[in-house]
Every structure is written in structure tokens, then in C-alpha cells.
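Take a moment with the sequence and the model before reading on. The paragraphs below walk through them step by step.

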Amino acid sequence: MGERRQVAHGSLLGTGNADPPASLDDRLDGSTLRRAILRPWRLCRKKDPSMTAPLDDPTRTTALATLPAWSLVPGRDALTRTLTFKDFNEAFGFMARVALIAEKQEHHPEWTNIYNTVHLTLSTHDAGGLTHKDITLAQAIDRLAG
Ligand SMILES: C[C@H](O)[C@H](O)[C@H]1CNC2=NC(N)=NC(=O)C2=N1
């Protein structure tokens, strides 16, 4: 039991060292810090701040004109679109493709799936409303949907 815990610990930290750390200090070596703090920080930092700034009115009007299939959500600064597919397989395949794009863009939809229907809502949580990230994701989803 003790040995299993040691192995799990070593592989979790990726150190290849089966010995558990004796104290917190021992865990704060350079490579562990990089893994635990820097990688998530790099993933989360906003590469281009203008992408996550709330859209000003003229930009919003121009951007929304490129997205006729999307509607504004009443009472919330968000966009919504519902897509219907032949069956669950098609719907879920579409969601898988959207998920890959969302990961790449580090921007994720709120969505539900009921059999062959996918309801999507886009909004930038960090900004509390629509930003260029939502417009870019909506355009990519439109291209996928054909
Ligand atoms: C760290 C990470 O990039 C951020 O938390 C991203 C993840 N995906 C996101 N998706 C959406 N829709 N809004 C966000 O603010 C958001 N933030």
C-alpha cells in the first residue's frame, strides 16, 4: 500500500522518483514549480488583450452582421445558436470538432446536447460579455456547420 502511494506520487510529479517528498519545500524544486504554476499560467494568460476586451458598439455591430445565424440572448451579453443534425452521431461529431477548436482558441462554449440538437451560447466569462473571442469562435462554428 505504502509502495503504491510512492509510485503514484512519483509519476504524478513526473519526477521518476518513487520517494515521496519529505516536506513542502522538497516539492518546490524548479521543475515541479514550472509544471504546477507556469504551465497553467501560460495557458490562462491572455495572449492578445484586445481579444478579451468588451466589444465597443461599432465593432459589435460590424461583427454581429457577420453572424446572421446567431441571436443575442435576452438579458445577457451573449450569443446563441441552435443546430440540428441527422442524429446523435452527427451532433456529437460536430461537438467534438468544436471542442478541438475551442481548446485551440482557449475559449469554450456553453452548450447542451439533446439527441440531434446542439444549443450553443457564447460569451467571455472573464469579461462578463461578448468579445472578439466569441466572434472568432462563432465564425469558426459557422464554417464547421457549413
Ligand atoms: C485559462 C483559460 O484560458 C480561461 O479560463 C478561458 C477558458 N475558456 C473560456 N471560455 C469562455 N467562454 N470565457 C472565458 O472567459 C474563458 N476563459
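What follows moves from the whole chain to one helix, and then to the strands and loops.

This is a predicted model, in which local features need pLDDT of at least 70, side-chain atom pairs count only at pLDDT 80 or more, and totals for chains, interfaces and linings use all residues. Residues are numbered from 1 along each chain as its sequence is written, and side-chain values use heavy atoms, with hydrogens and water left out.

Start with confidence. pLDDT is the predictor's confidence in each residue, from 0 to 100. The protein chain has a mean pLDDT of 83, and 70% of its residues reach 70 or more. Over residues 1–17 the pLDDT is below 50. Beyond near neighbours in sequence, that stretch has 13 contacts in the model, a contact being heavy atoms within 4.5 Å. Where pLDDT is low, the predicted coordinates should not be read in detail. For the model, ipTM is 0.98 and pTM is 0.73.

Now the overall layout. The protein chain has 6 helices and 4 strands. Helices (H or I, at least four residues) and strands (E, at least two) are DSSP runs, numbered from the N terminus. Along the sequence they follow the pattern α-α-α-α-β-β-α-β-β-α. The chain has 146 residues, and 27% of them are buried. Buried means under 20% relative accessible area, exposed means over 50%, and partly exposed lies in between (1.4 Å probe, protein chains only). Of the contacts with a separation of 6 or more, 61% are between residues 24 or more positions apart.

Turn to helix α5. It covers residues 88–105, which makes 18 residues. From first C-alpha to last it reaches 25 Å, close to the 26 Å expected at 1.5 Å a residue. That expected span is 1.5 Å times one less than the number of residues.

Which residues of α5 are buried? They are Ala91, Phe94, Met95, Val98 and Ala102. These residues cover an arc of only 100° around the axis, which puts them on the same side of α5. The arc is that of the directions from the helix axis to the C-beta atoms. An α-helix has 3.6 residues a turn, so residues three or four places apart point the same way. The buried residues of α5 pack against β2 (79–84), β3 (110–114), β4 (117–122) and α6 (132–145). The face turned away from the buried side carries the exposed residues Asn89, Leu100, Glu103 and Lys104.

Arg97 also sits in α5. With a relative accessible area of 44%, Arg97 is partly exposed. Arg97 and Ile141 are 44 residues apart in sequence, while their C-alpha atoms are 9.0 Å apart in space.

At its start, a side-chain oxygen of Asp87 comes within 3.2 Å of the backbone nitrogen of Asn89. Just after α5 comes Glu106, with a positive phi of about 50°. Glu106 lies in the loop between α5 and β3. Its relative accessible area is 25%, so Glu106 is partly exposed. Most residues other than glycine have a negative phi.

Next, the sheet. The 4 strands form an open sheet in the order β1-β2-β4-β3, with antiparallel pairing. β1 (71–72) and β3 stand at the edges with a single partner strand each, so one side of each has no neighbour in the sheet. Two strands pair if DSSP finds at least two bridges between them. β1 and β2 are joined by 2 bridges. There, Ser71 has Thr80 in β2 as its bridge partner. β3 and β4 are joined by 5 bridges. Trp111 stands opposite Leu120 in β4.

The hairpin of β3 and β4 has 2 residues between the strands. Tyr115 lies in this loop, and its phi is near 50°, a positive value in a residue other than glycine. At 51% relative accessibility, Tyr115 counts as exposed.

Asn116 is also in the loop between β3 and β4. Is Asn116 buried or exposed? At 18% relative accessibility, Asn116 counts as buried. Leaving out residues up to four places away in sequence, Asn116 touches Leu83, Thr84, Phe85, Lys86, Asp87, Phe88 and Ala91. A polar contact of 3.2 Å joins the side chains of Asn116 and Thr117. Such a contact is a pair of N or O atoms within 3.5 Å; within protein, one must be able to donate a hydrogen and the other to accept it, and residues adjacent in sequence count only if both atoms are side-chain atoms.
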